[in-house]
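Please walk me through this model in the viewer, stop by stop. Tell me what to select and what is there.

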Amino acid sequence: MADTLLDIRGLKTWFKVEDGMVRAVDGVDLHIDRGETVGVVGESGCGKTVTARSVLKLIDMPPGRFEAGQILWQGRDLIPLDQGEMNKIRAREIAIIFQEPMTSLNPVYTVGDQIAEVIALHQKLSPKQAMAGAAEMLRLVNIPNPQKRVHDYPHQFSGGMRQRVMIAMALSCQPKLLIADEPTTALDVTIQAQILELMHEMKDKFGMAIMLITHAMGVVAETCQRVTVMYAGKVVEEAPVEALFADPRHPYTQGLIRSIPRIDRAVSRQARLESIQGTVPSLLNPPAGCRFAARCKYAMDICTQGIPPLKEVAPGHRVACVL
Amino acid sequence: MNAPLAPAEDLLKVRDLRKRFAVRGGIFSRTVDQVHAVDGVSFEIGKGETLGLVGESGCGKSTTGRCILRLIEPSSGEVWFQGNNVTRMGGDELQKLRRDMQIIFQDPYASLNPRLKVGAIIGEALTIHKLAPTQKAMEDRVVQLLETVGLQPDHMHRFPHEFSGGQRQRIGIARALAVEPKLIVCDEPVSALDVSIQAQVINLLEDLQEEFGLTYLFIAHDLSVVEHISTRVAVMYLGRVVEIAPSRELYDNPLHPYTEALLSAVPIPDPTVKRKRIMLQGDVPNPIRPPSGCHFHTRCPIARPDCAQRVPELRESKPGHWVSCHYSG
Ligand SMILES: Nc1ncnc2c1ncn2[C@@H]1O[C@H](COP(=O)(O)OP(=O)(O)OP(=O)(O)O)[C@@H](O)[C@H]1O
Ligand SMILES: Nc1ncnc2c1ncn2[C@@H]1O[C@H](COP(=O)(O)OP(=O)(O)O)[C@@H](O)[C@H]1O
Ligand code: SF4
Ligand code: SF4
Ligand SMILES: [Mg+2]
Ligand SMILES: [Mg+2]
């Protein structure tokens with residue numbers, strides 16, 4: 001594919017802990033094309049954040065380490081790059097926003113200073129011009145009174161506004177890829193709607209690709225073009241969004257989609273929710289074979305014998321299941 | 001003001017409940033401000049019913065729940081439980097009330113004592129209320145409760161940290177059930193759980209309600225979950241109830257502009273569904289200085305000038321469907 005921006009191949013990011021090795025990301029394949037919005041979904045602990053942080057090499061090593069795989073950014077593997085080269089990529093090409101914006105905003109600097117600093121990294125501007133640019137970015141993300149608010153500190157903003165500030169900062173470097181790790185999970189639905197709408201507008205304006213990490217299937221359905229479903233450190237299904245919801249193939253994906261109550265369906269209250277029994281396995285010495293087997297109602301003997309590889313079942317629709 | 005009609009016999013009645021918290025104005029300010037966390041809330045819950053309580057963070061849902069149990073003292077208003085005025089109760093009566101009303105918390109991690117084994121956590125309430133005369137009776141009851149919530153008997157010998165989030169929430173539910181309560185305030189019981197586990201716990205709560213005839217006040221910010229589990233739903237905004245209706249009616253025919261916006265913001269897990277979204281501007285205002293008149297007027301898409309002056313009453317617009325808005329319903 002000529003248009004592939006990011007191509008993660010067989011990535012394994014492991015963590016050495018006292019009791020052994022946590023196989024947080026254990027053979028992940030994931031690609032994102034230019035201008036595309038790709039959702040990464042799965043329950044907590046399945047390796048979404050570690051995958052995202054691996055791309056920007058924001059993993060503490062040790063205890064973490066890249067055990068195998070490649071992270072191809074426009075064809076070039078990021079894994080061997082040194083800090084200096086990675087900094088260039090972080091400043092200009094790939095930006096990331098986190099679930100809790102307070103952890104990535106510096107509390108002792110004004111938001112204007114922080115955004116201006118990012119702007120100054122890739123444009124030669126006077127401090128005054130950079131600050132004007134920061135105000136402009138705040139205006140873009142719909143912060144009222146941007147000229148005045150650039151002088152405020154992060155704690156003076158509400159949770160939703162801080163996430164807007166984070167988006168403004170991330171977009172200041174005009175990245176080709178924006179990685180958003182649960183950007184709305186901590187927010188109320190009305191504010192979530194504002195942020196998702198904002199990301200949509202910004203995408204139209206700047207044309208960047210988005211990797212949207214979330215555990216909310218509703219958010220995926222409304223914002224993504226393609227979806228990757230992760231379970232216990234592995235990709236279990238990958239499909240265009242319509243295909244994933246219309247015809248989920250992996251029993252885990254089916255369970256995820258069916259276990260959410262739906263307010264748009266009048267029958268919902270009468271029916272019992274379909275639930276997935278059991279819990280996510282430990283990634284410290286994960287089970288052999290299919291990692292979903294202990295919770296899967298279709299599990300057979302062969303499921304525990306080998307790890308089912310991702311197989312294409314329809315164009316762009318791949319599933320890791322023996323069925 | 002007449003309060004909303006409940007179908008069955010009322011187990012709980014809340015009348016004009018208010019709770020103010022004193023807070024410091026700013027970092028350097030010495031003035032003490034008041035947060036009107038709950039600002040005149042009235043509703044009732046029929047026996048065997050589930051009343052859902054929804055609204056954005058900070059609108060006063062948890063404070064309402066805690067005032068009902070008198071875990072915090074209401075500033076004014078009344079709470080009636082089975083015809084008795086809870087707000088007037090003293091020592092012994094309150095102790096007895098704690099048997100009839102229980103609470104399950106959002107955070108299954110923080111709400112269980114990490115130093116106690118599960119058996120002791122569940123057994124504690126049995127001891128306080130003298131419900132297990134012997135050690136044997138106590139163990140039998142704990143085993144029975146563990147099985148009721150889908151855990152194993154030998155789990156009683158383990159500590160909370162040895163369990164997953166969903167299992168811990170089951171322990172919290174077993175602890176609440178131990179005293180055979182009539183009403184359980186469920187304060188965001190599934191919000192911290194993954195969807196697949198969330199479904200397990202919701203199903204469990206529904207089964208228990210059927211088996212023991214329980215009544216729930218179900219607090220949550222996830223409207224899909226609330227719609228699923230509730231008989232009726234009350235929507236709160238900045239300390240006030242703005243709408244109450246039977247669950248399906250509320251979702252099909254929301255009358256209050258805030259309810260409408262809240263519902264339209266819920267993402268639907270179906271990429272073929274395209275809906276018109278009502279985008280609310282800005283954030284929830286500061287509850288220390290809530291807007292005058294109708295609290296919602298600063299964000300309301302249909303507000304008129306007098307909304308900033310007059311407080312709308314909660315009135316019955318259709319049988320069982322109550323709304324507080326001058327211009328809708
Ligand atoms: N002990 C307290 N002291 C001061 N203010 C308080 C206290 N407890 C709650 N508040 C304030 O009262 C208001 C209502 O809080 P409450 O916890 O009831 O909200 P909630 O609707 O349960 O929100 P959430 O969805 O975030 O749980 C908020 O403005 C909150 O900051
Ligand atoms: N620094 C670390 N040391 C050890 N284990 C880790 C570390 N960071 C993450 N993990 C583990 O890796 C797994 C995946 O975590 P994460 O990517 O954060 O999940 P999520 O899908 O919720 O974002 C989890 O089991 C987590 O406990
Ligand atoms: S491989 Fe087997 S256990 Fe795994 S999801 Fe498919 S059927 Fe279930
Ligand atoms: S009373 Fe006025 S401001 Fe309040 S909800 Fe109704 S129209 Fe909107
Ligand atoms: Mg994460
Ligand atoms: Mg609360």
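Select A:D247 and A:R249: they form a salt bridge, with the closest N and O atoms 2.9 Å apart. This is a predicted model. A:D247 is partly exposed, with a relative accessible area of 34%. A:R249 is partly exposed too, and its relative accessible area is 34%.

Now go to chain B and pick B:E180 and B:R141. Their salt bridge has its closest N and O atoms 3.9 Å apart. B:E180 sits in the loop between helix 5 (165-177) and strand 7, while B:R141 belongs to helix 4 (residues 135-148), so the pair ties together parts of chain B that are 39 residues apart in sequence. Is B:E180 buried or exposed? B:E180 is exposed, at a relative accessible area of 53%.

Next, select B:D154 and B:R158. Their side chains meet in a salt bridge, 3.7 Å from N to O. B:D154 counts as partly exposed at 43% relative accessibility. B:R158 also counts as partly exposed, at 29%.

Return to chain A for a network. Select A:E36, A:R226, A:E238 and A:R318: salt bridges that share partners join these residues. Over all chains, the count comes to 36 salt bridges. In general, side chains of opposite charge can pair when their charged atoms come close.

Then move to ligand 1. Show its shell: 13 residues surround the ligand, and the closest are B:S57, B:G58, B:K61, B:S62 and B:T63. Which polar side-chain atom lies 2.7 Å from an oxygen atom of ligand 1? That atom belongs to B:K61. The side chain of B:S57 places an N or O atom 2.6 Å from a ligand oxygen. At B:C59, a polar backbone atom is 3.3 Å from an oxygen atom of ligand 1. Taken alone, ligand 1 exposes 650 Å², and the protein buries 65% of that.

Color the shell by element. Strand 1 (10-24), strand 2 (32-46) and helix 1 (61-68) of chain B each supply at least two residues. Helix 1 of chain B gives the largest share, three residues. Now color by class: the shell has six nonpolar, five polar and two charged residues.

Last stop: strand 6 (residues 101-104) of chain B. Both faces are covered. B:M101 and B:I103 are buried on one side, B:Q102 and B:I104 on the other.

Technical notes: Residues numbered from 1 in each chain as written. Chains lettered and ligands numbered in written order. Predicted model: local features only at pLDDT ≥ 70, side-chain atom pairs only at ≥ 80, totals over all residues. Heavy atoms only, no water. Near = heavy atom within 4 Å. Polar contact = N/O pair within 3.5 Å; in protein donor to acceptor, adjacent residues only side chain to side chain. Areas by Shrake-Rupley, 256 points an atom, 1.4 Å probe, with all protein chains shown as cover. Helix = DSSP H or I, 4+ residues; strand = E, 2+ residues; numbered from the N terminus. Nonpolar A, V, L, I, M, F, W, Y, C, P; charged D, E, K, R; others polar. Buried < 20%, exposed > 50% of the residue type's maximum accessible area, 1.4 Å probe, protein only. Salt bridge = Lys/Arg side-chain N within 4 Å of Asp/Glu carboxyl O.
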